[in-house]
Amino acid sequence: MLALQTSNPLARLILIAGLAVGAATLALPPGWAVLAFLCLTCLVLMPFSPLIALMVTLTLAPLRSLIGTESGLSLPLDIGQLLLIAYLGVWLGRRLWRRESLLKLQADAPLLAALGLIAVLSLGAWTSQSLAGWLAEWLKWWAIALLIWTLSVSVDESWRWLVFAVVISAVANALVGLYIFFGGSGADHLVILGRFFRAFGTFGQPNPFGGFMGIALPLSLTVAWAQLSRIWSELRSRRRWPRSPALIFVGSALASVALAAALLASWSRGAWLGAAVALICMLIALPRRLSHGLALAAVIAALVAGAWSLGLLPRSIMLRLTTAATNLITVSDVRGVLITPTNYAVTERLAHWQAAVYMAEAAPYFGIGLGNYEVAYDEYRLIFWEAALGHAHNMYLNLLAETGAVGLVAYLAFWVTVFRLTWSLRRQPDPFSRCIAIGLLGSWVYVAVHSVFDNLYVNNLFLHIGVLLGILAILHRRMTQALELD
C-alpha cells in the first residue's frame, strides 16, 4: 500500500510549511503560481511515496493540449514536463531522505532496449534541419527511459498502484470525452450521426484520444478478470464473499465500460481496429495452453465475422469501416483522386503517407531528422495538401522519413524485445501479475496496430507508455527472481 502517513516530525513540519507557502503563491502570476505549486508539491510529497506524484502526473499530463488551446495560462514548460520534473524531484528527494543509492542500475531488458533506441535516434542530430524538433522528440524517449529506471529500482509490491493510476487517468479523460460526445463543447466539424460529436477528451483530436482509451482498456479488462478469478477461488475455498476483490472488480468493470464507450465515441477507425486486434491477441494469451487460446480467438473471430456478414453489427460502424478500407486499398497515388466529403479524411492521411515516402527516398538511411517531418513537409508535400499536421499519421512511415531505415529498424527491434519479454510473462506464477502481463500485451498490440494510422506519442501520452514499460520491467525481474528461487 502507498504510505500516506508518516510519524516523522520533520515530515510533518515540511507538510505544514509547504501548505503555508503554497497559499502565498496565490499572489503570483498564474503561470508562475502553477510552477511554484509544482515545486512545493515536490517538497511536500518528499516524505511520502513518489507514486503519489506519479499518479498526479499521469492524470493531469493529458491537459497539455487543452491548456495550450483553451487557456490563457502561460507556463514556462508544458504541464506534462512540469509534472514529470516534480515526480523526478520527489523520487530524488525520497532517495536522499532514506539515504539510498542514487546510481543504482538494474540491467532490465526494457531499459536496455530503450537506451539502445535512444543511442540510434541520437544520430539524427547530425541530419536534422531543426535541432529543436529533434531534441523535443529525443527527450520523449529519455523521459520513457527515466520512468522505466526510477520505477524498476524503487517500486516493490506497490507496482499495482501504477496499473490503477494509468486506468484512472484514462477514465478521467473518458468521462470528458463522453461529455463531449453528448454535446458538451462539441465542434461542428466533428458531428456524427446527425446529433453526436466525436469525442476527443482533453486531446483536441479524436484519434489520439481513442489511442489513450485503447492503451488503457486492456489493463482495466485484465484487472477485472483477475479479480473475478480471485472471487471464484475464494468462494470455493472459504465459502464467503471476498469484499476487497469484489469492490476492485466492480470498479475495474465500470472503468472498462467507460473506456470502451469512449473509444467507440471517438469514432476513430484506427482505435477500433487496434482494440479488436488487441482483444484477439489477449484471448490467445489468456489460457496457459497456446492451442486453447488460438481456438478461443478463432471462435470469437468467427462469431464477429458471421455477425458482420449477416449485417447484425450497427450499420453506421460497418459503413465507416468499409469506406475507409476501400479507399486505403484502391488509392495508389493521391494526386489522381477526386476529393469528396466522404473520402477527404482518408485521402488526407494518404497524402501525408505519400509525402513521408518522398522524404524517405531523399534520405533513405538516416532520414531527414527526428521530429523534422513538419519542418521538411513543404518541400515534399503534394499539391492541395498544404497543412503539415505535425506528423505523417503513420508512425512507421514517419520514422522512416525522419530517421531512415536505420531508425525504423531500431524502433521495430525495441518493440520486438518488449513483445518477447511480455509474452514470456505468461509463465508468471502470480495470477494477478500474469493477468496484468496479458493486459500489457494487449496495450502493446494496440499501439502497434493504431500506429499504422497515427502517432500516439503526443499530448504526453508517452508518459503513460513509459510507466507501462516500467511495470513490464518490474514484472520481468520479479518472475526471473521467482524462477531462480525455484
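How are helices H14 and H15 oriented to each other, roughly parallel or roughly perpendicular? H14 and H15 are roughly perpendicular, because angles of 65 to 115 degrees count as such. Please keep in mind that this is a predicted model, where local features need pLDDT of at least 70, side-chain atom pairs count only at pLDDT 80 or more, and totals for chains, interfaces and linings use all residues. Residues are numbered from 1 along each chain as its sequence is written, and side-chain values use heavy atoms, leaving out hydrogens and water.

**The H14–H15 pair**
- Helix H14 (residues 344–362) packs against helix H15 (residues 373–380) at about 90 degrees, with the axes 10 Å apart; axes are lines fitted to C-alpha atoms over the stretch in contact, and angles run from 0 to 180 degrees between N-to-C directions.
- Among the residues that meet here are His 352, Tyr 358 and Met 359 of H14, and Tyr 373, Tyr 377 and Tyr 380 of H15 (contact means heavy atoms within 4.5 Å).

**A nonpolar surface patch**
- Leu 112, Leu 115, Leu 135, Leu 139 and Trp 142 form this patch, with about 420 Å² of accessible area together (Shrake-Rupley method, 1.4 Å probe, only the protein chains shown counting as cover for residues).
- Helix H6 (109–121) and helix H7 (131–154) each supply at least two of the patch residues, and H7 gives the most, with 3.
- Leu 139, found in H7, is partly exposed at 42% relative accessible area (between buried, under 20%, and exposed, over 50%).

**The whole chain**
- The chain has 18 helices and 2 strands (DSSP runs: H or I of at least four residues, E of at least two, numbered from the N terminus).
- Of its 486 residues, 52% count as buried.

How values were computed
Patches are made of residues with over 30% relative accessible area and no salt bridge: like charges are joined within 9 Å, nonpolar side chains (Val, Leu, Ile, Met, Phe, Trp, Tyr) within 5 Å. A salt bridge is a side-chain nitrogen of Lys or Arg within 4 Å of a carboxyl oxygen of Asp or Glu. Buried means under 20% relative accessible area, exposed over 50%, partly exposed in between (1.4 Å probe, protein chains only). Angles under 35 degrees count as roughly parallel, over 145 as roughly antiparallel, 65 to 115 as roughly perpendicular and the rest as oblique.
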